[in-house]
2 protein chains.
Amino acid sequence: MLRNLFSPSSIAVVGATAGAARIGGKVFSTLLAHKYAGRLYPVNPSHSEISGLKAYPSVEAIGQPVDLALIAIPAGRVPDAVRQCAKAGIPYVVIFSSGFAEEGEAGKRLQAELDAIRRETGIRISGPNAEGFFNAIDCVAATFSPAIGIDSGKDRQGKRIGVVSQSGGLGFALYNRGRREDLLFSHICSVGNQVDLEAADYLEAMLDDPQTGIILMYAESFKSPRRFISLANRAAASGKPIVMAKVGRSTAGQRAAASHTGAIAGPAVVCDTALAHAGVIQAHDQDQLLDIAAGLANYAPITGNRVAIISTSGGTAVWLTDTCEAMGFDLPEIDGERQRRIAEFIPAYGSTANPVDITAQGVNAYAQSLEVLADADYLDAFIVVSSFAHEARLRAEGPELAAIVKRLGKPVLFYSYTVPSEGSRALLRDLGIHCFTSMLGCVRALAGLRTYGQHLERIASSDASPATLALSGAGRKLLTAGSAVLCEYESKALLQRSGIACPEEHLATDVELALAAAHRLGYPVALKLQSPDLPHKSEAGAIALNVRDDDALRASFGRLLQNAREHAPEAQIRGALVQPMAARGVEMIAGIVNDDEFGPFVMVGLGGIYVEVLKDTVLAPAPVDKQTARDMLRSLKGWPLLAGVRGELPADVEAMADLLVDLSKLALSAEDCLQELDVNPIFVHEQGKGLTIVDALAIRRPQ
Amino acid sequence: MLRNLFSPSSIAVVGATAGAARIGGKVFSTLLAHKYAGRLYPVNPSHSEISGLKAYPSVEAIGQPVDLALIAIPAGRVPDAVRQCAKAGIPYVVIFSSGFAEEGEAGKRLQAELDAIRRETGIRISGPNAEGFFNAIDCVAATFSPAIGIDSGKDRQGKRIGVVSQSGGLGFALYNRGRREDLLFSHICSVGNQVDLEAADYLEAMLDDPQTGIILMYAESFKSPRRFISLANRAAASGKPIVMAKVGRSTAGQRAAASHTGAIAGPAVVCDTALAHAGVIQAHDQDQLLDIAAGLANYAPITGNRVAIISTSGGTAVWLTDTCEAMGFDLPEIDGERQRRIAEFIPAYGSTANPVDITAQGVNAYAQSLEVLADADYLDAFIVVSSFAHEARLRAEGPELAAIVKRLGKPVLFYSYTVPSEGSRALLRDLGIHCFTSMLGCVRALAGLRTYGQHLERIASSDASPATLALSGAGRKLLTAGSAVLCEYESKALLQRSGIACPEEHLATDVELALAAAHRLGYPVALKLQSPDLPHKSEAGAIALNVRDDDALRASFGRLLQNAREHAPEAQIRGALVQPMAARGVEMIAGIVNDDEFGPFVMVGLGGIYVEVLKDTVLAPAPVDKQTARDMLRSLKGWPLLAGVRGELPADVEAMADLLVDLSKLALSAEDCLQELDVNPIFVHEQGKGLTIVDALAIRRPQ
């Protein structure tokens with residue numbers, strides 16, 4: 001896909017000029033500077049020749065098949081130019097011109113016109129308001145970015161990076177920076193306003209491209225979030241990691257939500273969760289993006305956590321140990337036998353334990369240490385620390401070191417604590433060794449390998465398609481008729497009809513019926529007024545707990561009605577729900593939120609004060625399998641409360657995990673009609689004793 | 001101080017050789033390569049001349065005054081050489097040789113010998129096992145580090161950085177990296193094994209040195225922590241910021257502690273707290289150290305939080321906004337009037353709100369935007385984002401931009417999202433503009449300016465010397481006689497005698513006395529066995545709560561005794577404490593820990609489950625003034641519980657802050673005899689209603 005776009009045999013440049021004063025001139029001269037190998041047709045009615053090439057008054061005048069037109073003329077004239085391209089049978093155009101949707105109402109109308117043209121004619125449009133693309137393998141420089149003026153490394157071997165960026169400046173800057181670190185690239189694509197081709201299209205093209213092994217993305221928003229997630233899943237399945245900077249977090253406000261779950265699952269949290277579950281590795285600055293890409297380009301992913309450091313500088317080793325441990329890596333102590341073997345070739349003032357300090361005097365000790373440690377089954381990766389400010393050591397030990405690194409089968413990352421000299425850089429390049437020059441960057445790269453490896457492991461072991469329960473007709477009716485906010489008794493009926501057990505309870509429309517219900521359940525009972533207009537019953541004084549006898553029940557019934565009338569005189573009261581008092585347990589909250597962009601998610605958190613003050617909650621996209629549900633619970637800060645703290649018995653974690661799986665089934669099957677659901681509070685009892693759902697609140701999806 | 005060390009008129013190199021194969025040869029050739037301007041005496045009995053200079057068989061043979069001897073001979077011969085130096089009247093030696101305390105018992109003995117020599121003779125020793133120093137202003141390269149082979153910038157003007165490093169490799173690497181970013185340095189000192197001169201001595205010398213404006217430190221441990229803190233306070237008072245990497249965090253285990261407070265206040269937490277309160281800015285990697293130094297070298301500190309971004313790349317601006325907000329900065333919207341003025345000179349598709357997107361076409365718009373925003377009183381700092389991959393813009397707009405930046409009076413940080421070209425670097429240097437090349441680095445630098453500015457503000461406004469209460473003689477006796485663990489009633493007596501009120505309570509040695517006490521207090525009461533052997537009373541079943549009448553009290557008394565006998569048959573029981581039941585409130589814990597390195601600290605946290613599961617606690621070194629105490633409380637994650645959550649009334653924060661101030665006074669006055677103190681639980685009542693101390697546990701300091 002997009003083959004003709006990225007590797008065109010012929011290009012017309014509409015708006016080409018000789019100088020570089022205008023964008024059209026810049027694009028034309030950039031193509032020439034990068035020695036575009038196909039046929040090139042400058043189109044400009046004011047010139048008969050530009051930079052030694054015959055110029056044409058229009059694309060129609062070219063009279064030859066053209067694969068791609070690059071358009072850099074004022075916005076107002078762009079629609080006509082695109083129409084002419086379509087008429088001339090040109091399949092792709094890249095529009096550099098600004099002045100479209102990014103620039104007020106007139107611009108929006110112009111962009112709509114482009115959209116209409118592509119729907120009428122089938123022509124595919126990249127942009128407008130784009131910086132174009134650079135195919136770094138075939139050297140097609142269809143851009144005006146000056147940042148690509150650096151050797152493209154097209155003849156070198158290695159995993160190549162494709163870049164898809166919603167900001168042209170940043171996309172090409174990633175190339176500019178990455179090439180300085182000797183990373184290899186396939187294509188850099190600036191997506192512009194995405195009137196037609198969108199980020200997901202370029203991503204798909206990168207997935208199809210055999211030369212692209214890693215995809216870096218910069219995204220401010222998603223045009224079709226679910227398509228993106230589906231492509232991300234395909235990327236993971238085909239072993240092409242996606243590393244993404246998803247920005248605009250600060251501007252993504254909280255959603256207006258009627259439920260706790262909705263309020264907790266703000267757009268940024270939902271997006272982060274969706275990306276993580278699709279195996280997308282997020283990065284938060286350019287350096288991190290490139291460092292993670294460097295890791296993925298040079299090493300196989302890891303699933304473990306255990307690192308050995310081999311260093312000539314004891315201080316750097318200690319510092320790096322801190323950095324590793326701060327990012328969740330362990331440095332296991334080297335076993336005695338291997339320590340003895342290492343001690344044989346390093347000075348007495350070195351260290352053999354881990355970090356291994358071979359000291360500045362240790363000759364050839366990197367390779368020897370790696371030989372000794374290579375098959376230690378308690379190590380997952382290595383970091384070799386050196387100073388490459390001078391190339392003497394690299395010249396002496398480099399080839400042997402490179403050979404063992406290639407053989408080793410585990411990642412060996414290199415970090416120089418000084419700035420590598422140009423000579424060192426050249427040697428490293430020849431040896432095929434990537435060198436990190438930032439401690440943080442090196443460990444971030446290792447963390448990226450781990451994130452990706454653990455994701456691959458998770459998808460390999462996950463229950464691929466948990467059976468989706470079809471929401472019963474009666475359950476669906478609850479969500480499609482009646483009010484936007486379901487009362488507690490209706491919300492619980494929805495749960496019951498989705499196979500989620502709630503305690504026996506009775507809706508009583510008058511006090512006599514309430515007494516009868518209480519007698520059936522046995523005192524003490526809870527009494528809760530039911531009204532779609534009172535979603536927050538506590539605040540309305542519409543709840544009485546521990547009602548102990550008939551007299552108390554009569555009194556409570558009257559008091560609740562009076563409270564409700566004072567709180568909301570217009571509230572429609574459906575009656576009072578009579579419930580047995582629940583046995584206590586660990587208080588939790590669970591729920592569903594149906595995100596407009598990414599679909600249904602399940603949320604869980606410690607309840608009460610934990611959710612109110614500490615926001616200790618975790619989200620996962622539906623479907624959630626049992627293992628994921630367990631992992632969600634374990635990732636809560638309050639997990640010790642479930643696991644049993646200070647000698648208390650552990651809570652029924654399995655029952656809680658089952659509830660999350662069931663909620664995720666409900667979330668999927670009610671995706672069209674359920675907006676939000678709180679199950680709150682839930683009392684999770686001791687292990688083996690299940691849980692009690694005390695209250696629930698469902699919100700219909702606006703149709 | 002150390003003037004003769006860093007700027008010697010004459011140097012003897014003991015162990016000098018001609019080649020660079022040995023350390024002595026490397027040191028000698030490094031001095032020559034950096035054109036040492038003083039008299040240089042190679043000392044080596046095997047040579048009569050080295051590199052064209054007359055060589056001497058011994059330092060005595062020189063026959064001229066020598067300011068400094070550099071020693072690079074095998075460890076075993078070092079003590080004799082140092083003795084000869086002392087005899088020859090040489091005031092300072094730097095010992096490069098390894099093989100001392102870092103290398104087993106024999107090495108430790110050798111080091112002890114050095115210590116003895118310096119005590120006998122008064123000679124000052126730097127090292128051993130050091131990489132020496134580099135005086136970058138006078139070009140005294142008394143080191144074998146190859147990392148200093150880079151222009152020292154000695155003739156340039158600007159704030160200079162002094163480096164004091166416990167790792168020579170890292171210290172000189174900071175210079176190597178920093179010079180690449182055009183930072184200016186004064187001295188780089190490798191402290192080695194610190195047998196005599198220690199990090200604090202070099203720090204003091206930097207504070208005395210008028211050419212040093214900023215000090216970077218790398219520390220694995222502190223030889224004299226309190227002296228360091230006192231120097232750090234002096235540094236803050238004299239406006240010389242210290243930026244430090246304190247490593248070895250992962251190896252600093254938890255302390256063995258009898259109290260909650262002791263367990264919470266592990267060595268790493270105590271050290272972080274001590275450094276922060278002394279105004280030391282911590283950094284966690286080399287880049288962060290240098291970025292913060294670059295900020296401090298080029299800009300005045302800020303106390304505010306409000307940033308405007310001016311960018312040619314909309315994407316970079318969005319991303320940078322996220323980064324700023326993630327690090328606690330605000331981007332206030334530009335006011336309407338200023339937006340209108342900016343709109344006049346930027347293209348229509350730009351943005352005026354903040355970030356200000358002047359677009360790639362905005363000509364001279366950086367300087368113009370800064371002019372417009374300069375006096376906006378709602379902005380504290382600016383970040384200018386550009387691409388310096390090419391120098392065209394800088395050539396055109398640079399001088400005007402540099403002029404306004406100099407005039408502006410608020411920090412204007414520059415960030416290039418591409419790699420700056422060599423031409424751009426030269427232009428920036430000439431313009432006196434520092435350019436950050438990492439987004440994270442730029443915002444970290446800004447955060448460093450804020451940390452430092454806020455510290456300066458805090459020390460200016462802090463209650464410099466809160467009156468220290470003298471612990472009464474009776475209080476002191478509690479801590480100097482008797483058992484290592486004080487019972488609750490003794491711990492509370494200690495509080496009472498330090499002016500901290502506890503509720504009335506009575507120690508009853510038999511059940512009749514307990515009944516009398518209960519009658520005096522009125523039921524319900526709490527009953528708690530008192531034994532120095534049962535510090536954890538709940539676990540021993542030694543507490544009865546809500547005892548309602550005489551019968552219950554009799555029964556409880558017997559039951560507690562029996563529980564204690566079963567739990568710890570040997571426990572010495574002092575009686576039962578009879579207390580009124582405390583009115584509930586927000587449950588908190590406070591305490592004191594007396595750190596061996598940094599002295600007494602006060603701790604506070606939310607109690608109960610918060611401290612158990614969430615470790616939501618905060619520490620400060622004593623003395624704590626009222627404002628610091630309030631800040632401590634506000635920094636707790638559970639602060640909303642104190643401030644009043646979901647309509648509940650706020651708690652008596654002022655009473656709690658007073659308690660912390662009082663505890664800090666006790667901590668200081670009992671520093672010699674109090675090791676740890678828990679005040680736990682504390683019930684903090686509604687605003688104006690004070691607090692109740694329910695239990696306390698003090699641990700004596702081993703004498």
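## A positive phi in chain A

Asn354(A) sits in the loop between helix 12 (336-343) and strand 16 (356-357) of chain A. Helices (H or I, at least four residues) and strands (E, at least two) are DSSP runs, numbered from the N terminus. Asn354(A) is not a glycine, yet has a positive phi of about 125°.

## Basis of the model

This is a predicted model: local features need pLDDT of at least 70, side-chain atom pairs count only at pLDDT 80 or more, and totals for chains, interfaces and linings use all residues. Residues are numbered from 1 along each chain as its sequence is written, chains are lettered from A and ligands numbered from 1 in the order in which they are written, and side-chain values use heavy atoms, with hydrogens and water left out.

## Interface of chains A and B

Chain A gives 63 residues to the contact, and chain B gives 63 residues. Contact means heavy atoms within 4.5 Å. The buried area between the two chains is about 4900 Å², with 61% from carbon and sulfur atoms. Buried area is the accessible area (1.4 Å probe) that two parts lose on being put together, summed over both.

Across this interface, 22 residue pairs are in polar contact, both residues at pLDDT 80 or more. A polar contact is a pair of N or O atoms within 3.5 Å; within protein, one must be able to donate a hydrogen and the other to accept it, and residues adjacent in sequence count only if both atoms are side-chain atoms. On the side of chain A that touches chain B, elements that each supply at least two residues include helix 5 (168-180), strand 13 (242-246), helix 16 (439-461) and helix 23 (639-643). Helix 11 of chain A gives the largest share of that side, eight residues. By class, that side has 27 nonpolar, 20 polar and 16 charged residues. Ala, Val, Leu, Ile, Met, Phe, Trp, Tyr, Cys and Pro count as nonpolar, Asp, Glu, Lys and Arg as charged, and the others, Gly among them, as polar.

## Salt bridges

Over all chains the count is 82. A salt bridge is a side-chain nitrogen of Lys or Arg within 4 Å of a carboxyl oxygen of Asp or Glu.

One of them pairs Asp380(A) with Arg306(A), the closest N and O atoms being 2.8 Å apart. The pair links distant parts of the chain, 74 residues apart. Asp380(A) is in the loop between helix 13 (365-373) and strand 17 (381-386) of chain A, and Arg306(A) in the loop between helix 10 and strand 15 (307-311).

## Helices 22 and 24 of chain B

Helix 22 (residues 626-634) and helix 24 (residues 653-669) of chain B pack at about 120°, their axes 8 Å apart. Axes are lines fitted to C-alpha atoms, for helices over the stretch in contact, and angles run from 0 to 180 degrees between N-to-C directions. From helix 22, residues including Ala629(B) and Leu633(B) meet residues of helix 24, among them Met656(B) and Leu660(B). The contact has eight nonpolar, no polar and four charged residues.

The Ala622(B)-Pro623(B) peptide bond is cis, with omega near 0°. Pro623(B) is in the loop between strand 27 (617-621) and helix 22 of chain B. The bond from Asn680(B) to Pro681(B) is cis, with omega near 0°; Pro681(B) lies in strand 28 (residues 674-684) of chain B.

Asn193(B) is in the loop between strand 11 (184-190) and helix 6 (199-208) of chain B. Its side chain makes a polar contact with the side chain of Asn129(B) (3.1 Å).
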